[in-house]
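Here is a short tour for anyone setting up calculations on this model.

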Amino acid sequence: MSPQNTVRNWARLLYFLSQNVTSLIGVVLTTSTAITMIAFWIYDFMLQGPPHPYVGILIFLILPGLFVLGLLLIPLGILLRRKKLRGTGELPIAYPEVDLRVPMVRSGLLFIGIATVLNVLIFTFASYQGVAYMDTTTFCGQTCHTVMQPEFTAYQNSPHARVNCVECHIGPGAGWFVKSKLSGVRQVFAVTFKTYSRPIPSPVKYLRPARETCEQCHWPQRFSGDKFIVKRDYKDDEKNTPETTALVLKIGGRTWQGSVGIHGRHLDEGSRIRYISTDEQRQVIPVVYYTDDKGNTVEYVSTDVKVSKEQLAKSEKRVMDCIDCHNRPTHTFELPESAVDLRISRGLISADLPYIKKKAVELLKADYPDRETAQKKIVEGVTSYYRSIYPDIYNTKRALVEQSAVNVARIYMQNIFPDMKVTWGVHPNNLGHNDFPGCFRCHDGSHTSADGQTISNDCSACHNLLAVQEENPKVLTELGMK
Ligand code: HEC
Ligand code: HEC
Ligand code: HEC
Ligand code: HEC
Ligand code: HEC
């Protein structure tokens, strides 16, 4: 058989076999998605900022999927057709031979080669883009809008608003990357079939140990020293009388004396503390194991919480890390009183409006069917209160009333998400002990060792209280901070 004939036969055979709907769909799909993707990439490159979440999913996840599907359909169609033809005996008996000396064979192979390289390039770039896209805050925070809305909103108002979700939730390295993608697949199903829990439960099961994520940016040995904290709150009275609390918090770290203070005593190098909790949210802690400076393990058992030996044996011992105190470093949901105090101290809500603190908290705590109604009712509630009870103030300070009303409603919008059952206090904050048990889950004076020592609960172990809710604290005047 002459070389020309071989080529012709081969080409004919392939042409013949590829004349099937499946392969043709494949060709059309691959070519059109490749062109669309390249066009979108150029568009995305010229666009400022991240694309809209749904556009992102289309460009970075759906199109590459279709592209690969198209590529797979081409050989699949050929195979299916061959099988069918074999069944009916319509296939040629001898396959033509390939001869590289023939120019047409060479150019044919060249074409297939170039197409393959192009496809591999497009595929590689698309996978890279897809993975990078899945790591963006837009994808994590905004794609499943309702589901992530509470965490995303709180995150945007936090010190970590510029840190990507994946920095804390996945961290560096391939192992956790793969784990997170597998759990991501589960989450996609949960969202599709709406089987996710409301609210999204916390603690996050299988969250990577905080020391491998937070410590990319912070480290506990760094000496933070004593931190001077001044907080202002406002009474429920007509004048919204301000009160000041001032304390020096002993954060500590590593010093010439060794590891001191809050950071130094719990973490330093490695972990000294493990504990068992009896509830999902880790709020009840019956036993704490502490490795003291000599390397001995001290077991502190709570005299308040009763648990059986079997239950203890069953429970998992958790190694204490950053998250056991900083469980809300970025999804910091507020409580109504302190949220209003903060806005008043920043001048967003005006302290010149009589009873504004009381009224604002009352409106925030009321029940509303949904967020839109809440926003409307809260704004109306504040303005109508002053219009009817304090008409003089309403008339002379109307701008202040309106601005305050909007900012009260904003507190609601930043913290309450009825669709996800996120309401006041559903996510406890462990940093402190006034609103939630926090530090007092262990430092309550009831956790006792075999030799009768308790985990310290002396007020001055953690802070020096310089003033507690005083109207004119002397210490601030002395420091020239009035
Ligand atoms: C500074 C680190 C950090 C960043 C950045 C971060 N998270 Fe979190 N996230 C946490 C911690 C810590 C928890 C609570 C873990 C626990 O208690 O086990 C959490 C919990 C969650 C939860 C579970 C519900 C809850 O409120 O506890 C969701 C959902 C979540 N994060 C989504 C996100 C999304 C979406 C982003 C990006 C928009 C993001 N996170 C960014 C640290 C972070
Ligand atoms: C990618 C870097 C990065 C990671 C990872 C990170 N943080 Fe931060 N964190 C920051 C930056 C930057 C700030 C300072 C923000 C500012 O002052 O505006 C900050 C601030 C803080 C603060 C002080 C907040 C305040 O009120 O001033 C705490 C507490 C904190 N981070 C805890 C954590 C914890 C806990 C984790 C792990 C769950 C974590 N961070 C992970 C970068 C990071
Ligand atoms: C035993 C509880 C506890 C643990 C564990 C803990 N912290 Fe803290 N941390 C605190 C307290 C309390 C503060 C002071 C909070 C404040 O400023 O109101 C603080 C403050 C900070 C600050 C702000 C420091 C400053 O100068 O303002 C950073 C950053 C921080 N912690 C990071 C971490 C990281 C990262 C870890 C884990 C390696 C960690 N913390 C573990 C209790 C803890
Ligand atoms: C899981 C239990 C647990 C939690 C939660 C916890 N601690 Fe501790 N803490 C301990 C243990 C155990 C010790 C070591 C025993 C001791 O010094 O009394 C300790 C020691 C300390 C010390 C050193 C006391 C001293 O006398 O040297 C300080 C300060 C401290 N913790 C602050 C805090 C703060 C602040 C929080 C909350 C943000 C907190 N702890 C939360 C278990 C805990
Ligand atoms: C285990 C450490 C620890 C112990 C013991 C402790 N506190 Fe605190 N306390 C804290 C932390 C942490 C904060 C939070 C500081 C902040 O808001 O950043 C706090 C905050 C406060 C505040 C300020 C409240 C506010 O508005 O935030 C007061 C008041 C207070 N503590 C009183 C006490 C008293 C009284 C005792 C003794 C019975 C005590 N504390 C024992 C850790 C401790």
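In helix α14, R371, A374, Q375, I378, V379, V382, T383 and Y386 meet V401, E402, A405, V406, V408, A409, Y412 and M413 of α16, where contact means heavy atoms within 4.5 Å. The model is predicted: local features need pLDDT of at least 70, side-chain atom pairs count only at pLDDT 80 or more, and totals for chains, interfaces and linings use all residues. Residues are numbered from 1 along each chain as its sequence is written, chains are lettered from A and ligands numbered from 1 in the order in which they are written, and side-chain values use heavy atoms, with hydrogens and water left out.

**The α14 and α16 pair**

- The contact of α14 with α16 divides into 12 nonpolar, two polar and two charged residues; Ala, Val, Leu, Ile, Met, Phe, Trp, Tyr, Cys and Pro count as nonpolar, Asp, Glu, Lys and Arg as charged, and the others, Gly among them, as polar.
- The axes of α14 (residues 371–389) and α16 (residues 398–415) come within 9 Å and cross at roughly 150 degrees; axes are lines fitted to C-alpha atoms over the stretch in contact, with angles running from 0 to 180 degrees between N-to-C directions.
- That crossing makes α14 roughly antiparallel to α16, a term for angles over 145 degrees.
- Helices here are DSSP runs (H or I, at least four residues), and strands are E runs of at least two, numbered from the N terminus.

**Around ligand 2**

- Ligand 2 is surrounded by P159, H160, V163, E167, C168, T213, C214, C217, H218, I323 and H326, each with a heavy atom within 4 Å of the ligand.

**Around ligand 4**

- Of the 19 residues around ligand 4, H266, C439, C442, H443 and S456 come nearest.
- The side chain of H266 has an N or O atom 2.8 Å from a nitrogen atom of ligand 4, and a polar side-chain atom of H443 lies 2.8 Å from a nitrogen atom of the ligand.
- A polar backbone atom of S456 is 2.9 Å from an oxygen atom of ligand 4.
- Two or more residues of the shell come from each of α10 (261–266), β4 (273–276), β5 (287–291) and α17 (459–462), and α10 gives the largest share, three residues.
- The shell around ligand 4 divides into 13 nonpolar, four polar and two charged residues.

Key
Angles under 35 degrees count as roughly parallel, over 145 as roughly antiparallel, 65 to 115 as roughly perpendicular and the rest as oblique. A polar contact is a pair of N or O atoms within 3.5 Å; within protein, one must be able to donate a hydrogen and the other to accept it, and residues adjacent in sequence count only if both atoms are side-chain atoms.
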